[in-house]
Amino acid sequence: MNKEEMISEKQCFYLITFELFGLLTLFLPSFLSRKLSQDAPVGLTIGFLFAAIFALLLSMFYRKYQNEFLSAKKKNSFLTDVLIFLFFIQTILLSIFALNITWEIVQMFLLPTLNRFLILIPFFAVSVFALEKGLVPRAKMAEFCGKIFIFVLGFIFIFSLKKIDLNQYEAIFISSPKRIAIGSYDVFIILETLIFSLFAVKFSKSKDKYGSTLRKSIIACYILTVLLLLVLMGTFGVDYIGQMEYPAIRLLRNLTKSSSFLSRLDVLMIWIWLVSLFYFFCGSMNYAHLLLKSVLEESSGKYMNYVLYVVIFALAWIFGNVSNSFYIYRNYMFYIGTPFTVVALLLAIVLPKKEKENELESVGPKSEE
Amino acid sequence: MNWKVWGQKVKNKKIYIILILLAVVFVCAFTFDSENYPEESDYIMSLFFDVGEEGIKTVYESPVLKKDEAQAVLYGEQRVSEFNILHFQDFANEYMNSVARKPDFQHLKILLIGEELLKNEEKFAEFIAFLHEQNEFAENVFVAIDKSNGEILKDENECAGKSLENLFSERSGENEQMNVTVGKLLAACYNENQAVYIPVVSEDKKIQGEWVVACKKAVSYVDEDMAKWLLAANCMNCGQELYFQDVYEEALNEEDNFSIEISKIKRQISFKESGNKVNAYILLTLKGKVRSYCGELITDAADRINKEQLFSVCLSDKFERFASYSKGKDLFNTYYELSNKNRSIWKKYQNRYEEYVKNLNVDVTVEIDFTD
């Protein structure tokens, strides 16, 4: 891989953060408020702590297997194969989830008369075009957009302070410990998209700084999500957030006066989330493809991406909406995905590695040429 | 010239041009929908719902738009029509059937609710659910109760929506807490922790009082004078300079009567449980100045002190009366602060607003600081 086809540490940070941001801020506030009510920030914090431990495991795994993982010409160990399989299922489910969130948001807030197919087709086509270009242009765009979005979000947080009613923050630690633990586990299930970082770091110039990049991304995501959750709780009240779909988007409609020219400021927010979802969707499809490529023969892997796109689109169509997609993703991860992934990661880290004299080569845009 | 897409050279321009053209044609062809043309839409400026004998009565106001008159939306001729529907969700369809145009709620200025709808628990809960499902109703649209049964909208020369919006904007000034918007009403109904004061407007576009709504139910009607003091006691209009005339309710000569200017209100609350009852003790600390009836400063010290004492007594009486009127209603919104002030009582009444209100006793003490 030449230097032009690699990304800087900063770009890697923005890419990981951006991929996580959309799903966390769009989906988590209402989901968590429904589950934990006033204890939502507690559940969020514990979920992020789990994620920090998971990130540590990922960085340890990467340090040990960076040459084998996703390497097309190197034979994987059994544990790496198990992880690849688990990651593959997870990325497929996540891409379906992202696709369904996207059309729901567009239909709900932008184009209510447009049908699902017509929203999905252009979004899907643009995403396929973008991921055909690889990860590097995406990372460069993430760095550019990320700076603008931080500015816009900062502005929104400041703007929303005057609407916050402190009485909406009721006493915490009311839910039972079991309920808080399950809520935190649910947060962690969404945060497990951190596995995307394993792919991004393959293209990073400073691979040795993977752990610190991941840590920074988790901290940034935590700050953004907890701030948004607190602002939403203070503005709407926790029970109402639980009843709402995408409360973060509705926040701006509530901030502005109906008569002012800023009254449809929510469109700006939708734009931010659509870009974030676009990143997330591109990422999950791209990584699913990379995982598939690493286990298949080179000749069959060539056209496999097209089959993969069709399968993802078809499944997204069959799953139909966000609640179905999340129900399947959540139940798979809750009972199968997460426990097996964590155990396999731990075993891969703890057990001694069998050295093989294979040629070391990683999967990347130029690596196969 | 070299084309670049995302920093990479485009090798075959023709294919890209054809693809883009195809995409444009495809999207345009499939999204073609005559209902989406601006001239095929009606911009609803104000909307009224009430329950009548023939179902749900709706009255709406939309501007009559002629060619090149886009600026006249708010100030030109308005079309006012009404029809009945069975369910709130039928509004858009029924509208399209009656005028063959699509209703557009993006410019809605005010949502008016009839008193009958407010008092009908079942229908009001349906109405709240309808508001919640409607994505086109922005959260920042003002909500009011209409006493005129929709007649307020039937002035075709003026946009009633705009004038009512101005009325509420001026009333609240910088403090948006005073007004009720769709978002605030929905939040209060779903959080079930707060009573909201929805202004009641008369046919001559004046605020007559407030309807207090809690837990998707109409609780009580309060007149404008009482509402002003209750909003002050709820700190809804804190931070604003409040001016009350005719403070002393018993008949006084104009020169003996006085007004009060309040610059600061502080509310402290504590809770105690005795048996089944919850006692809420509210301490209101007001900073204000007594003025003459016409608002001038009172220069005579003895007269001023006399009126200050009179005001203190009169205000304590007022709040004692309000507190007894508030029995079983929680007009002081004490439940809203319970969780942060008394955790053990909160645990007992969490998500049990109605039971809490039944067992509530409110005691209000007023302290007034007249110093500069």
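This is a predicted model: local features need pLDDT of at least 70, side-chain atom pairs count only at pLDDT 80 or more; totals for chains, interfaces and linings use all residues.
## A capped helix, a buried alanine and a surface patch

D223(B) caps the N-terminal end of α7(B), with a side-chain oxygen 3.2 Å from the backbone nitrogen of D225(B). For reference, a polar contact is a pair of N or O atoms within 3.5 Å; within protein, one must be able to donate a hydrogen and the other to accept it, and residues adjacent in sequence count only if both atoms are side-chain atoms.

Residues are numbered from 1 along each chain as its sequence is written, chains are lettered from A and ligands numbered from 1 in the order in which they are written, and side-chain values use heavy atoms, leaving out hydrogens and water.

Back to α7(B). Seven of the 10 residues in this helix (residues 224-233) are buried, so the rest of the structure largely encloses it. The buried ones are M226(B), A227(B), W229(B), L230(B), L231(B), A232(B) and A233(B). Here buried means under 20% relative accessible area, exposed over 50%, and partly exposed in between (1.4 Å probe, protein chains only). After the helix comes C235(B), with a positive phi near 60°.

Now for chain A. It has 14 helices and zero strands; helices (H or I, at least four residues) and strands (E, at least two) are DSSP runs, numbered from the N terminus. Some chain totals:

| Chain A property | Value |
|---|---|
| Buried share of the 369 residues | 62% |
| Share of contacts with a separation of 6 or more that join residues 24 or more positions apart | 86% |
| Accessible surface | about 14700 Å² |
| Carbon and sulfur share of that surface | 67% |

Contact means heavy atoms within 4.5 Å, and areas come from the Shrake-Rupley method with a 1.4 Å probe; for residues, only the protein chains shown count as cover.

A200(A) sits in helix α7 (residues 196-200) of chain A and counts as buried, at 0% relative accessibility. Leaving aside residues up to four places away in sequence, A200(A) touches I7(A), C12(A), L15(A), I16(A), L135(A) and Y287(A). Its C-alpha is 9.2 Å from that of F13(A), 187 residues apart along the chain.

L111(A) lies in the loop between α3 (78-110) and α4 (116-132) of chain A. This leucine is partly exposed, at 41% relative accessibility. Together with L110(A) and V267(A), L111(A) forms a nonpolar surface patch with about 210 Å² of accessible area.

How values were computed:
Patches are made of residues with over 30% relative accessible area and no salt bridge: like charges are joined within 9 Å, nonpolar side chains (Val, Leu, Ile, Met, Phe, Trp, Tyr) within 5 Å. A salt bridge is a side-chain nitrogen of Lys or Arg within 4 Å of a carboxyl oxygen of Asp or Glu.
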